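These are my notes on one chain, kept in the order in which I looked things up.

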Amino acid sequence: MDKDLKAKVTGKADVYLHNHLANSAYWFKRQIEKKIESGDRTGIAFDYLACATSIAFTNEAHINFFGMKCVKGYVERDPIESKVAVVFNAFKMPIVWETRPLSSFRAMKNLRDTLAHGKPAEIRYDNVTSATRDQQNIIDNLKADWQKALTHEPIMTAYKDMDDLFKQLLEKSGLKLFDTIEQTNYTISLIEK
């Protein structure tokens, strides 16, 4: 009997990656906060790395979302600086890369680019220095720039800036928060032979 049935399916899905990326950034941010609260910092460097990467991806996904929804002729494949300029100009927002939130945006983007290319860092250090209890100054001198960027303050600042910038873009866009949420609608009609 089932062989005699056919189904007509119609539907529409709005899949917005920025939501998943923002949730990922939030997840890792909360993991960091929980580890600091509990005093168990096991693997926290990986959480910082994942959080920073998620923030960088989210920032660009936000720009792409608002560009595609609000700017006619928006080109997703353009360099990020061009895309930010297009969206910010359309929304009459100032573009100042030297101050927050765009300074955080750029820092996370540069970190993402460094991680994506995976270039080794070979660091040599030979200097007379003050000895400290934990030798942190010596350890810091032997870190790659990307490792130095994965510290609490810049990551938490970048997260806040990511969230604040999304709210600013949302306000300027004229969209409602509901418009940024994924939606899937479909109907199934059974057809008898």
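Is Phe91 buried or exposed? I found Phe91 buried, because its relative accessible area is 8% and the cut-off for buried is under 20%. I note here that the model is predicted.

I looked up the partners of Phe91 next. I counted five aromatic pairs in all.

Phe66 belongs to helix α2 (residues 44–70), while Phe91 is in the loop between α3 (80–90) and α4 (102–117). The two are 25 residues apart in sequence, so the pair ties together separate parts of the chain. Phe66 has 0% relative accessibility and therefore counts as buried.

Phe66 has another ring partner, Phe166. I read 5.7 Å from centre to centre and 50° between the planes for Phe66 and Phe166, a tilted pair. This pair links distant parts of the chain, from Phe66 in helix α2 to Phe166 in helix α7 (residues 152–173), 100 residues apart. Phe166 is buried, as is Phe66.

Which residues form the aromatic cluster? I listed Tyr16, Phe65, Phe66, Phe91 and Phe166, which form one cluster.

**Entry: Arg112**

I looked at Arg112 in helix α4. Setting aside neighbours within four places in sequence, I found Arg112 in contact with Ala56, Phe57 and Glu60.

**Entry: the nonpolar patch**

Leu5, Val9, Tyr186, Ile188 and Leu190 make a nonpolar surface patch of about 550 Å². Two elements, β1 (5–14) and β2 (183–192), each give two or more residues to this patch. The largest share, three residues, comes from β2.

I checked one of the patch residues by itself. Leu5 is placed in strand β1. The relative accessibility of Leu5 is 37%, so Leu5 counts as partly exposed. Patch residues need over 30% relative accessible area.

**Entry: the chain as a whole**

I finished with the overall layout. The chain has seven helices and two strands. Reading from the N terminus, I wrote the order of elements as β-α-α-α-α-α-α-α-β.

Why do I call the chain more spread out than a compact globule? The radius of gyration is 22 Å, well over the 16 Å that the globule rule gives for 193 residues, so the description follows from that comparison. Along the principal axes, I got a box of roughly 85 × 45 × 30 Å for the C-alpha atoms.

I also took down the burial and contact totals. Of the 193 residues in the chain, 33% are buried. Among contacts between residues at least 6 apart in sequence, 68% join residues at least 24 apart. The chain exposes about 12,900 Å², and carbon and sulfur atoms supply 55% of that area.

Note on methods: Residues are numbered from 1 along each chain as its sequence is written. This is a predicted model: local features need pLDDT of at least 70, side-chain atom pairs count only at pLDDT 80 or more; totals for chains, interfaces and linings use all residues. Side-chain values use heavy atoms; hydrogens and water are left out. Patches are made of residues with over 30% relative accessible area and no salt bridge: like charges are joined within 9 Å, nonpolar side chains (Val, Leu, Ile, Met, Phe, Trp, Tyr) within 5 Å. Accessible areas come from the Shrake-Rupley method with a 1.4 Å probe; for residues, only the protein chains shown count as cover. A salt bridge is a side-chain nitrogen of Lys or Arg within 4 Å of a carboxyl oxygen of Asp or Glu. Helices (H or I, at least four residues) and strands (E, at least two) are DSSP runs, numbered from the N terminus. Buried means under 20% relative accessible area, exposed over 50%, partly exposed in between (1.4 Å probe, protein chains only). Rings of Phe, Tyr and Trp (its six-membered ring) pair if their centres lie within 6.5 Å; planes under 30 degrees apart count as stacked, over 60 as edge-to-face and the rest as tilted. The radius of gyration is taken over C-alpha atoms; the globule rule is 2.2 Å times the number of residues to the power 0.38. Contact means heavy atoms within 4.5 Å.
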